[in-house]
Each structure stands twice: as structure tokens, then as C-alpha cells.
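Let's take a tour of a protein, a few pieces at a time. Have a look at the structure first, then read on.

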Amino acid sequence: MQTALRKAENPMPAVDRDWWRGCVIYQIYPRSFQDTDGDGIGDLKGITQRLGYIAALGADAIWISPFFKSPMKDFGYDVSDYCDVDPMFGMLADFDALVAEAHRLGLKVMIDEVLSHTADNHPWFVESRTSRNNPKSDWYVWADAKPDGTPPNNWLSIFGGSAWQWDTRRQQYYLHNFLSEQPDLNFHNGEVQDALLDITRFWLERGVDGFRLDTINFYFHSEGLEDNPALPPEERNDQTAPAVNPYNYQDHLYDKSRPENLGFLERFRALLDEYPAAAAVGEVGDSQRGLEVVAAYTEGGRRVQMCYAFDFLAPEKISAPKVRQVLQEFGRVAADGWSCWAFSNHDVKRHASRWATSEPDPAAYLKVVSALLMSLRGSVCLYQGEELGLTEADLAFEDLQDPYGIRFWPEFKGRDGCRTPMVWQSRAKNGGFSSAKPWLPVPAEHLAKAVDKQEGKEASLLEHYRRFLAFRRFHPALVKGDIDFLPSDGDTVAFTRGEGNERLVCVFNLGGKAAEVDLGASLTAQPVSGHGFAGEAASGRVKLGGYGAWFGRLA
């Protein structure tokens, strides 16, 4: 009886199944975060050691890029064992300790699930390629050559060349949307789906809170293997692949973004819903129909909770008109969907270099665009080091590790420049990342931006991120609220965010010159503080300095 009374007096806190809506996710690239064993490569113990830093930043969750067993041809995105840790990162016990410490600090843990393809030394593929009639012969996408010996169709790999690789054992081609060492799984086979759902359950049982689903729109292909049509030059863009890659020359109707995927995503969501609060965010790489795919994948609460497209990850510089266009288009095509916005990640040039270096005051510019990112309707992904203002590293060809960059050098230098080690201490060897030679060099210019150089300095970018994330958390409208855009022009963007009884006006100047925004006399708002910007408002007009912002609460 006394035990029952104690439980009634101290009930367990209610589970927030909606924690993902408006959450801030900090992406960790484990090879480059913190090395603890002196091999020059980051590891799981290193992540655990630095979790306090992420919690103090104000993030709600971490997303850890792949740490599974892998031959590392694509640095973990080629998985040879989905249910074990690669020895370079540690052991399963290290992962369990990481989850426990993250949860103690109030951080959710999301891991990168690479379901569309495996490594070519995965036991499934090793068996599949032995014959045309073994138990796993249909687990990958196999096809006969054309009569002249050429590949079955014109599909291209994102990493260059044909998406088909000839296999001498079966004397057939297999599909690989990425490296030839990354054969694509055949999702039309129900046994494949079952096996991947079993892997998902394995990690849910270990305590993970969610998943980032790599290349979520690549799961299914058209069984008819039709040629993709050519894309008119005026319709091409480099959101998914660099401009030098002929992948952009096709309209990818048949090799990805297939409607058959919706059924699998519903199976995936049903599995997540068996757990108290598991969630997933899908990566959608589709340069022509990205937002429409995101809408379909997040519609009606039946598939994944949220997705992110490449609208703000592309080389094109962010602008006030683009922000309005992307958010309004998303609201139109995905009225009940939810997006996750990011400016940088492990696959694209850091936005400090893509956008800020051409600005008169790069540091001030990075502050205002980060505040904008964290004020948009949706969840947020922050990539390790962006809170320090790290720029893209300019590496020599002999330092490259990324096969993508090696293939398209020098017009496209690959992804190594955004994957260099995190810098913790400006005077320590390798920025405090490792006592050994790192797998990628630590740029000298990054040392001046190290954590210890910015911590405690109010004007620093790091303290700005901490301050603004605290401000965001204090205002529910910025986390889960709706969004309505207000008239503005030039480099300014203005909108309201509303949730419950709170409605905020948010105004930004993305340009370096002073600007004004007329909110109209009927839109009266009282300024709110805590965000660190110095804009002013009177008589319905907001005055902003260069790279300024203003926030007010509507009466």
C-alpha cells in the first residue's frame, strides 16, 4: 500500500510523443568529433565525453552519422553489419553508455539508418551474388544485360557513371545508386523489408529515440527498369548532385521517389508507434519534386514524422524571397506535414563558406541567418561546428579521402572539406580532437574559432547560438507554432509564429545595410528580449541595422 501511495504522489512524467515537432537536432559526424583512443579517428566514447557541451548548447537531440561495421568505402554509409559497432568507433557497450549519458542530460538519441543499400561485403550480398537461385538471390536489384552487353537502362549513379555494375559470378548487372561497392537492396522483396524492420527494432530495444533515414526516397525502383527521360537544360539544378555531374541531366522518374515506397513507410511508422516516443526524419534527395515527396512521406501521421529536402543545402545563397517561397510552397503542398530545416551537413559545403564569405561582416551575417533558421516553422538540424562558424576546409588533393571528390576533382572537391575534425582547444594539438595525426587535417584557420576561444564571450557566435536556443525554447510559438508571412521587400523577411495564446512577430534583415519593415498600424506588438538583437519598432515600423532582427509579441 505504501509503495502504491508513493507512486501516486510521484507519478512518472508523461511521455511526449511529439518531442520531435520543433526539436533542435545536433548532427555528429563520429569520425571527426572526438578521438579518445589516439588513432586519429573519433569514437563513441569521445561523443559521450562531449555530450555536456551539446546539452549546454541547448539542443534537444543528437543525430549520429553511421558507426556500424563497414569497410568504410563511403565512411560508414556502406554497412556490412547493421547490428554491431565498427571497432574503430568502439563496442556496443560504448553505445549503450552513450545513450544512458545522453538521456541523463535530457538529450534524445537518433541514429543514421542506411536502408537503401549495403556494403558489397555484407553477408546478404555475398550470398546473393553466388547464383540466381540462392535464398537471397532476389534481395538486391539484379538485371540482365541488353543484347549488346550494355547495362539494362540509362540510370546513373550519384557518384558518377552508370548505376549498374557487372558481376561475373551471376553474369548480371546489379544496381548501385552510389558507389559500386554499395549495392541497392530490392525493397519489392517482402523478406528484405522484414529484415530491415527487424534491424530497426534491434536499435529501438537498445534505447534509441529515433532515426535519420538516409536517402529515404531511393528505397524503391521501378520494376519495369524504364529509361529515365532527359531533363531540359533549363530545368536542371545542382541541389542533389554537383553541377559537374551528369546525374542532373535526367528526370529521375524511375530510379527513385517511387509511389511504392509509401507502403513500406507505413510499415516503418507502425513499428515506431509500438514504442513510447520513437520518431524518424527522412533525407529526401530529389531536385525536381523534393517538397512534394516530403509532403507525401509526412502526410497524415501515417509515415515518417518529418523529412528534410535540399532547399537550403544547395549552393544557391539563401535570400528573403527564397525563404518565403520555400516555406509557403511547403505549407501549400504539405499542410499537415512537418519539415526539418538545415543549412549545413556532412554532405555539403559549409554555409559559412557558401554564403557568408561574400558578406561585409560574415560573423554578423551568420548570427542573423542562424536566428532565421531557428525561427522557421519546422524542426532544425545543426551540423557540428556551425555554431563556431567553421568554414569549409581547403584541402590538398593528396589529403582527400572522399571517393566522390577524388572522382570529380578539381571542379568538385568532394565532402571532406566539411568533415574535418571539431576544434575544442585553440592551443592544443589538433585542436584537442586527437593526440594522433587526424584522418583529415585540422585547418589552422579553424583553431581561432575553437570552443575555448568563444566560450563565455557574449559577442561570439557560440554564445549567440546558446542564447538564441534558450530564447527559442522559452517561446512555444517558435517551437511548434504555425507561420504566416508578412509583406516585406529587399533583404528583409517577416512572419508571425503562433502557438496557443502566444503569437510572435519575427523580422530579419539578411543584408548588410539598414532596412525598415512596415508592419502596418493595425499590427501592434510589444518587443521581447533575450535574443541578442537590437532592432527597434515604433508606430508599426521596424527599424533594423545591417544583419539585424526584431521580435515582438502581438497584443
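## Ground rules

Helices (H or I, at least four residues) and strands (E, at least two) are DSSP runs, numbered from the N terminus. A helix's expected span is 1.5 Å times one less than its number of residues.

This is a predicted model, where local features need pLDDT of at least 70, side-chain atom pairs count only at pLDDT 80 or more, and totals for chains, interfaces and linings use all residues. Residues are numbered from 1 along each chain as its sequence is written, and side-chain values use heavy atoms, leaving out hydrogens and water.

## Helix H8

H8 covers residues 320-333, 14 residues in total, and reaches 20 Å from first C-alpha to last, close to the 20 Å expected. Its buried residues (under 20% relative accessible area with a 1.4 Å probe, protein chains only; over 50% is exposed, in between partly exposed) include Val-323, Leu-327 and Phe-330. The buried residues of H8 pack against several neighbours, among them helix H7 (290-298) and strand S15 (492-499).

## Two helices crossing

The axes of H2 (residues 44-57) and H14 (residues 461-474) come within 8 Å and cross at roughly 60°. Axes here are lines fitted to C-alpha atoms over the stretch in contact, with angles from 0 to 180 degrees between N-to-C directions. In contact (heavy atoms within 4.5 Å) are Tyr-53, Ala-56 and Leu-57 of H2 with Leu-462, Tyr-465, Arg-466 and Leu-469 of H14.

## Strand S21

S21 (residues 549-554) is mostly covered, with 5 of its 6 residues buried. Strands pair if DSSP finds at least two bridges between them. S16 (residues 502-509) pairs with S21 in the antiparallel sense over 5 bridges, and Val-505 stands opposite Gly-552 in S21. S18 (residues 525-527) also runs antiparallel to S21, joined by 3 bridges; Gln-526 has Arg-553 as its bridge partner in S21.
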